[in-house]
Amino acid sequence: MNTASAPQGARNGILSLTIKDKAVLYAAYMPFLINGGLFIPTNKPYKVNDEVFMLLNLMDEPEKIPVAGRVVWVTPRGAQGNRAAGIGVQFNGQDDTANNKIENYLAGSLDSDRPTHTM
């Protein structure tokens, strides 16, 4: 998975995230959030409740999916247990395109016993 990036100096800039592997998508997806969400690896400073806008590229699809959301948690650099630095972003639910595509890619996998990110 590529790490997300935001323009220099942009507090709530545009994040760009490319996920080309179903296993990576499964690990990043957070179906337990209302409207769904994703864990986005980034070293950029964000705060809980920051509004973010993502351009999400899934599985080599030709078009990026625009997704608006908000930060629901932050994992800082150097977190315990060698956790990846990043943010948990909850989709705002105004457009379900990203959530629907993710759930279609992961059909049958979401009910498995594999652990996912927890808050």
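**Note on the predicted model**

1. The protein chain exposes about 6900 Å², of which carbon and sulfur atoms supply 48%; accessible areas come from the Shrake-Rupley method with a 1.4 Å probe, and for residues only the protein chains shown count as cover. This is a predicted model, in which local features need pLDDT of at least 70 and side-chain atom pairs count only at pLDDT 80 or more, while totals for chains, interfaces and linings use all residues. Residues are numbered from 1 along each chain as its sequence is written, and side-chain values use heavy atoms, with hydrogens and water left out.

2. The protein chain has 2 helices and 5 strands, and its elements run β-α-β-β-β-β-α from the N terminus. Helices (H or I, at least four residues) and strands (E, at least two) are DSSP runs, numbered from the N terminus. Of the 119 residues in the protein chain, 40% are buried (buried means under 20% relative accessible area, exposed over 50%, partly exposed in between, with a 1.4 Å probe and protein chains only). Among contacts (heavy atoms within 4.5 Å) with a separation of 6 or more, 60% involve residues 24 or more positions apart.

3. The largest nonpolar core has 24 residues; a nonpolar core is a set of buried Ala, Val, Leu, Ile, Met, Phe, Trp, Tyr and Cys residues joined through side-chain atoms within 4.5 Å. Leu25, Leu38, Ile40, Leu56, Leu58 and Ile102 have the most contacts inside this core. Two or more residues each come from S1, H1, S2, S3, S4, strand S5 (86-91) and H2, and S3 gives the largest share, 4 residues. Leaving aside residues up to four places away in sequence, Leu58 touches Ile19, Leu25, Ile65, Lys101, Ile102 and Tyr105. A second, separate core of 5 residues includes Leu33, Phe39, Val72 and Trp73.

4. The structure holds 1 aromatic pair. Phe39 and Trp73 form this pair, which is stacked, at 6.4 Å centre to centre and 25 degrees between the planes. Rings of Phe, Tyr and Trp (its six-membered ring) pair if their centres lie within 6.5 Å; planes under 30 degrees apart count as stacked, over 60 as edge-to-face and the rest as tilted. Because Phe39 lies in strand S2 (residues 37-41) and Trp73 in strand S4 (residues 65-75), the pair ties together parts that are 34 residues apart in sequence. Both Phe39 and Trp73 are buried.

5. There are 2 salt bridges in the structure, a salt bridge being a side-chain nitrogen of Lys or Arg within 4 Å of a carboxyl oxygen of Asp or Glu. One joins the side chains of Asp60 and Lys20 (3.9 Å, N to O). Asp60 is in the loop between strand S3 (51-58) and S4, and Lys20 in the loop between strand S1 (14-19) and helix H1 (22-28), 40 residues apart. Asp60 and Lys20 are both exposed.

6. Lys101 forms a salt bridge with Glu61, with the closest N and O atoms 3.0 Å apart. Lys101 lies in helix H2 and Glu61 in the loop between S3 and S4, so this pair ties together parts that are 40 residues apart in sequence. Lys101 is partly exposed, its relative accessible area being 30%, whereas Glu61 is buried at 17%.

7. Asn99 is located in helix H2 (residues 97-105). Asn99 counts as buried because its relative accessibility is 11%. Not counting residues up to four places away in sequence, Asn99 touches Tyr29, Asn35, Gly36 and Phe91.
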